[in-house]
Amino acid sequence: MVDAGDESATDASSAPGQGGGFASGDTTAHFTDDFVAQLAAMEAGISPEEQESIAALPSASALLIVRRGPNVGARFLLDGDLTVAGRHPDADIFLDDVTVSRRHAEFIRVGTAFQVRDLGSMNGTYFDGVRIESALLSDGAEVQVGKFRLTFYASRYDLAAQSR
């Protein structure tokens, strides 16, 4: 442990050759893709439990997590060709708030990708802050339906296949 008042301590962030913490033969550390993904998740406010859920998504599926509004933390699995979100009790994703139309928006699976489409709702559907009629969803995108702000997470299998 270094005493803050000890002037003989060296600053590890100093440049080489200026009494810093560098020694000859130091190497550059490289982080694995998993570590980088975990760090990004922590910065995005994703809990370890949510990270596990996202990592476990099978191909051609996705997850919506409520980040703001009623039911913060609620998770909705997108694993069908068509998923309707709205205030109607029969909606696939039931969002119980007066700012949400009965049939507000739908999530459509196209291959392994998903798009969101507004269904003529009163308050509109927003994609990353912009009101849309329809939009192709990207990993980490925010979809707003009424007061609900949901973050979209694609299957990690599909993301890996796209990056090849």
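In this predicted model, strand β3 and strand β4 (residues 93-94) pair in the parallel sense over two bridges. Within that pairing, A85 stands opposite I93 in β4. Strand β3 also pairs with β5: four bridges join β3 to β5, and here the two strands run antiparallel. One of the positions to look at is L82, which stands opposite I108 in β5. Strands of a sheet pair through backbone hydrogen bonds, and the pairing can be either parallel or antiparallel. How many of the five residues of β3 are buried? Four of the five are, and the strand is mostly covered.

D81 and R109 meet in a salt bridge, with 2.8 Å from N to O. D81 itself is exposed, because its relative accessible area is 52% and the cut-off for exposed is over 50%.

The next part to find is an open sheet of six strands. Its order is β2-β1-β11-β10-β7-β8, and the pairing is antiparallel. Which strands form the edges of this sheet? They are β2 (75-78) and β8 (130-132), each of which pairs on one side only. On average, neighbouring strands of this sheet are turned by 30 degrees against each other, direction ignored.

Strand β10 (residues 142-145) and strand β11 (residues 148-154) run antiparallel and are joined by four bridges. Take Q144 as an example: its bridge partner in β11 is R149. A helix also packs on the sheet: α2 (residues 48-55) touches β1 (62-68), β2 and β11. The direction of helix α2 makes about 155 degrees with that of β1.

Salt bridges also connect helix α2 with strands of the sheet. The count for the model comes to six salt bridges. In one of them, E49 is joined to R75, and the closest N and O atoms are 2.6 Å apart. This pair links distant parts of the chain, with E49 in helix α2 and R75 in strand β2, 26 residues apart. E49 is exposed, with a relative accessible area of 51%, whereas R75 is partly exposed at 32%.

Another salt bridge joins E50 to R67, where the closest N and O atoms are 3.3 Å apart. E50 belongs to helix α2 and R67 to strand β1, so this pair too links distant parts of the chain, 17 residues apart. Is E50 buried or exposed? E50 is buried, because its relative accessible area is 8% and buried means under 20%.

The mean pLDDT of the protein chain is 84, and 76% of its residues reach 70 or more. Over residues 1-20, however, the pLDDT is below 50. Beyond near neighbours in sequence, this stretch has eleven contacts in the model. Where pLDDT is low, the predicted coordinates should not be read in detail.

Terms used
Residues numbered from 1 in each chain as written. Predicted model: local features only at pLDDT ≥ 70, side-chain atom pairs only at ≥ 80, totals over all residues. Heavy atoms only, no water. Pairing = 2+ DSSP bridges. Axes fitted to C-alpha atoms, helices over the stretch in contact; angles between N-to-C directions. Contact = heavy atoms within 4.5 Å. pLDDT = per-residue confidence, 0-100. Salt bridge = Lys/Arg side-chain N within 4 Å of Asp/Glu carboxyl O. Buried < 20%, exposed > 50% of the residue type's maximum accessible area, 1.4 Å probe, protein only.
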